[in-house]
Amino acid sequence: MQLENLFRMQKALDTHIEEKHQLQDEDLFAKKVLALLVEIGELANETRCFKFWSVKPSSAKEVILEEFVDGVHFILSLGIVCGFDGPELELETSESDMNVTEQFLSVYEKIMFFQKSRDFTDYKRLFESYLQLAALLGFKNAEIEKAYFAKNEVNYQRQMNNY
């Protein structure tokens with residue numbers, strides 16, 4: 001995954017939003033953490049992986065990928081806030097031994113560890129856990145990047161339209 005490029009794009013979007021809404025001097029860390037938690041909840045809802053009481057299938061892969069990328073936006077943004085957007089961030093991806101529901105719970109847990117510590121190692125673990133979730137959902141890095149680029153454009157359009 002081309003993290004440098006993703007961080008650069010996310011930083012530009014964050015700057016645009018903060019300038020437009022006059023938030024340059026505001027600490028947005030807690031709001032971004034909550035936004036990430038909500039986005040991951042929306043992702044889980046689209047997968048329906050936890051809905052043992054329902055026979056309705058999960059949403060289309062494209063819908064799930066778009067929701068996944070929303071989480072990527074906030075993970076990148078949190079890394080930028082903490083100064084973790086440099087070349088020293090090297091993500092190691094390994095297969096998860098969990099099912100999708102367990103992996104979602106692991107991601108939530110790692111978000112909360114990172115929220116409390118703001119530590120580089122906890123950030124790295126969060127990002128890696130989220131990428132393990134991507135693999136369990138059947139997404140490849142190239143798909144994630146392409147979807148990120150597309151959603152980044154949508155986010156700029158939304159800002160221009162006062163979303």
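This is a predicted model: local features need pLDDT of at least 70, side-chain atom pairs count only at pLDDT 80 or more; totals for chains, interfaces and linings use all residues.
Colleague: Is Glu 4 buried or exposed?

Modeller: Glu 4 has 63% relative accessibility, so it counts as exposed, the cut-off being over 50%.

Colleague: On to helix packing. At what angle do H1 and H3 pack?

Modeller: The angle between H1 and H3 is about 85 degrees, and their axes are 9 Å apart. That angle is why H1 counts as roughly perpendicular to H3.

Colleague: Which residues of H1 and H3 meet?

Modeller: From H1 you have Leu 6, Phe 7, Gln 10, Lys 11, Leu 13 and Asp 14. They meet His 73, Leu 76, Ser 77, Gly 79 and Ile 80 in H3. By class, this contact of H1 with H3 divides into five nonpolar, four polar and two charged residues.

Colleague: What about H3 and H5, at what angle do their axes cross?

Modeller: Roughly 170 degrees, with the axes of H3 and H5 coming within 11 Å. An angle like that makes H3 roughly antiparallel to H5. On the H3 side the contact has Glu 67, Phe 68, Gly 71, Val 72, Ile 75, Leu 76, Leu 78 and Gly 79. Those meet Tyr 123, Phe 127, Tyr 130 and Ala 134 in H5.

Colleague: How many nonpolar residues does the contact of H3 with H5 have?

Modeller: Nine nonpolar, along with two polar and one charged.

Colleague: While we're at H5: is Lys 124 buried or exposed?

Modeller: Lys 124 lies in helix H5, residues 120-136. With 17% relative accessibility, Lys 124 counts as buried, because the limit is under 20%. Its contacts, not counting residues up to four places away in sequence, are Leu 89, Glu 90, Leu 91 and Glu 92.

Colleague: And Phe 29, buried or exposed?

Modeller: Phe 29 is in helix H2, and its relative accessible area of 2% makes it buried. Skipping residues up to four places away in sequence, Phe 29 touches Leu 78, Val 81, Cys 82, Phe 114, Gln 115 and Arg 118. Against Ala 12, the C-alpha to C-alpha distance from Phe 29 is 17 Å, for 17 residues of separation in sequence.

Colleague: Backbone next. What should I look for in phi?

Modeller: The general idea is that most residues other than glycine have a negative phi. Gln 22 has a positive value instead, near 55 degrees.

Colleague: Where is Gln 22 found?

Modeller: In the loop between H1 and H2. Gln 22 is exposed, with a relative accessible area of 68%. Arg 118 likewise has a positive phi, near 55 degrees. Arg 118 lies in the loop between helix H4 (100-117) and H5, and a relative accessible area of 38% makes it partly exposed.

Colleague: Last topic, empty space. How do I find it?

Modeller: Rolling a probe the size of a water molecule over the atoms shows where empty space is left. Here, the largest pocket has a volume of about 650 Å³. Of the 22 residues lining the largest pocket, the closest to its centre are Ile 17, Ala 35, Phe 74, Gln 159 and Tyr 163.

Colleague: Which elements give two or more residues to the lining of the largest pocket?

Modeller: Helix H1 (3-20), helix H2 (29-47), helix H3 (61-82) and helix H6 (141-160). By class, the lining of the largest pocket has nine charged, seven nonpolar and six polar residues.

How values were computed
Residues are numbered from 1 along each chain as its sequence is written. Side-chain values use heavy atoms; hydrogens and water are left out. On a 1 Å grid over the protein atoms alone, a cavity is a set of points where a 1.4 Å probe fits but cannot get out, and a pocket is an open set with protein on both sides within 12 Å along at least five of seven lines; lining residues have an atom within 4 Å of a point. Grid points are joined across faces, edges and corners, and a volume is the space filled by probe spheres set on the points. Helices (H or I, at least four residues) and strands (E, at least two) are DSSP runs, numbered from the N terminus. Ala, Val, Leu, Ile, Met, Phe, Trp, Tyr, Cys and Pro count as nonpolar, Asp, Glu, Lys and Arg as charged, and the others, Gly among them, as polar. Axes are lines fitted to C-alpha atoms, for helices over the stretch in contact, and angles run from 0 to 180 degrees between N-to-C directions. Angles under 35 degrees count as roughly parallel, over 145 as roughly antiparallel, 65 to 115 as roughly perpendicular and the rest as oblique. Contact means heavy atoms within 4.5 Å. Buried means under 20% relative accessible area, exposed over 50%, partly exposed in between (1.4 Å probe, protein chains only).
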